[in-house]
Amino acid sequence: MAGIKAWNMMTKRQGPVVTARQAVWVGFAVVVVFSVLICVITMWKLHSESLRFGVGVRRKRGGGEEWVGVGKIAFLFLVRRDLPLDFLWGSFFEGVDAANYSIYIHSQPGFVFGPSTTKSPVFYGRHLSSSIQVGWGESSMIEAERLLLDAALEDPANQRFVLLSDSFLDPKDERYHPRMPPYIPKYKWRKGSQWITLVRKHAEVVVDDEAILPVFQRYCKRRPPVDESLGKQNIKLQKQHNCIPDEHYVQTLLAMRGHEKELERRTVTYTLWNESGTKMERKSWHPVTFSYAAANPGRIKKIKAINHVFYETEYRTEWCRTNSTPVPCFLFARKFSQGAAMRLLSDGLVAHNGGVTVADTQQ
């Protein structure tokens, strides 16, 4: 009897036996809880990253939609150091009432625009004091653009903001990162140019964004450029996911915020892209730089006469109109050498009223 009692006591101490089905359910529950925890941590990290830009809810600014009177155009220059074609832009602004425009320049930190760094007095003191170091094809380009827009928005008279160019769909989705959803749905992904033109309402959306920029910083990164010294290793490097942030950010953001129907899906900057060379070389997507010989009156006349744009990737033609009236498509053109810019200036082909203006030069 004593032996039987001892056995019963040992059985009670061991507790209930866990079945295989119960073990599976417990494991499944642990996996679910762990997955939810990972999602929460990821969202918290993205939110924390967005907070460091200090661009929470819409900030209170002067003017905006309440501005009465003739608004100004804010010209926003994003440059590496100085303005190579400052003499040409100086001619563009010459004779224009200063009350009609503003100038803001983002250059490398510490660079000052003054008599020793620019030929044109119109650029004196126009640099931002809060500039950052910018890398081509990196998210720092977006941050620099936001700094320019933020500075320009401080003046309530500024109603148009010019960085120049277009917005269109990216049907191939080659740069869309599979980890972007649910923050950026694939059907909202857009592609365009860094050089854009915004009204004040849209400029505020860009500056006040706190959700989309962190996603771009995490998942939209440029792949390493082709290095001839690496030989066949380039083939492997070029298979990495590639994304150029400044060609997607503003267009995607405005689509996410429901403003796409308020945009014109065409460019105002003429660019001739180089289609020669090998397949590997064409991946660099650099525009043709016009030389002195190429910057002739005939070419400028042809650019000014263009009234439609054909987008090969979308198989569509965009006719340029204002209130149903056909108009020239391009207000600006790129890219020109300094020699070409000198010819444009000497031939009187640069104008601030009804003409085509050089946008930038070879750098």
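This is a predicted model: local features need pLDDT of at least 70, side-chain atom pairs count only at pLDDT 80 or more; totals for chains, interfaces and linings use all residues.
I started at Phe-77: leaving out residues up to four places away in sequence, this side chain's residue touches Leu-83, Trp-89, Phe-93, Ile-103, Tyr-104, Ile-105, His-106, Phe-123 and Leu-148.

**Confidence**

I checked the pLDDT next. The protein averages 80, and 73% of its residues reach 70 or more. Residues 49-56 fall below 50, and beyond near neighbours in sequence I find 18 contacts for that stretch in the model.

**The cores**

Back to Phe-77, and on to its core. The largest nonpolar core has 37 residues, and Phe-77 is listed among those with the most contacts inside it, along with Phe-75, Trp-89, Phe-93, Ile-103, Ile-105 and Phe-123. I noted which elements supply at least two residues each: S1, H3, S2, helix H10 (297-305), strand S8 (308-311), strand S12 (332-334) and helix H11 (338-346). Which of them gives the most to this core? H3 does, with five residues. Apart from this core lies another, of 36 residues, and I jotted down Leu-128, Leu-148, Ala-152 and Leu-254 as being among them. The general rule I keep in mind here is that nonpolar side chains in soluble globular proteins tend to be buried together.

**The four-stranded sheet**

I traced the sheet and got an open one of four strands, in the order S2-S1-S3-S6, with mixed pairing. Strand S2 (101-106) and strand S6 (197-199) are the edges, each pairing on one side only. From one strand to the next the twist averages 25°.

Then I went through the pairs across the sheet:

- S1 (residues 72-78) pairs with S2 in the parallel sense, over six bridges. I marked Tyr-101 in S2 as the bridge partner of Ile-73.
- S1 pairs with S3 in the parallel sense too, over four bridges. Here Phe-75 stands opposite Val-162 in S3.
- S3 and S6 are antiparallel, with three bridges. I found Phe-161 standing opposite Leu-198 in S6.

I also looked at how covered S3 is, and four of its five residues are buried.

**Helices on the sheet**

Which helices lie across these strands? Helix H3 (residues 86-93) lies across S1 and S2 and runs at about 180° to S1. Helix H4 (residues 140-153) lies across S1, S2, strand S3 (158-162) and S6, at about 150° to S1.

**Helix H5**

I wanted to know how enclosed H5 (residues 200-208) is. Eight of its nine residues are buried, so H5 is largely enclosed by the rest of the structure. The buried ones are Arg-200, His-202, Ala-203, Glu-204, Val-205, Val-206, Val-207 and Asp-208. As for the cover over the buried residues of H5, it includes H4, S3, S6 and H8.

**Disulfides**

How many disulfides are there? I count two. With the bonded cysteines numbered in sequence order, the pairing reads 1-2, 3-4.

The pair I took up to begin with is Cys-220 and Cys-243, with sulfur atoms 1.8 Å apart. The angle about the S-S bond is -75°, and I logged the link of Cys-220 and Cys-243 as left-handed. This pair links distant parts of the chain, 23 residues apart: Cys-220 is in the loop between helix H6 (212-219) and helix H7 (233-237), Cys-243 in the loop between H7 and helix H8 (249-256). Buried or exposed? Cys-220 has a relative accessible area of 2%, so I put it down as buried, and Cys-243 is buried at 0%.

The other disulfide joins Cys-320 to Cys-329, S to S 1.9 Å. The torsion about the S-S bond of Cys-320 and Cys-329 is about 100°, so I have this disulfide as right-handed. Cys-320 counts as buried at 1% relative accessibility, and Cys-329 is buried with a relative accessible area of 1%.

**Arg-223**

Last stop, Arg-223, which sits in the loop between H6 and H7. Leaving aside neighbours within four places in sequence, I list its contacts as Leu-237, Gln-238, Lys-239, Gln-240, His-241 and Asn-242.

Definitions and conventions:
Residues are numbered from 1 along each chain as its sequence is written. Side-chain values use heavy atoms; hydrogens and water are left out. Two strands pair if DSSP finds at least two bridges between them. Axes are lines fitted to C-alpha atoms, for helices over the stretch in contact, and angles run from 0 to 180 degrees between N-to-C directions. Contact means heavy atoms within 4.5 Å. A disulfide is a pair of cysteine sulfur atoms within 2.5 Å. Buried means under 20% relative accessible area, exposed over 50%, partly exposed in between (1.4 Å probe, protein chains only). pLDDT is the predictor's confidence in each residue, from 0 to 100. A nonpolar core is a set of buried Ala, Val, Leu, Ile, Met, Phe, Trp, Tyr and Cys residues joined through side-chain atoms within 4.5 Å.
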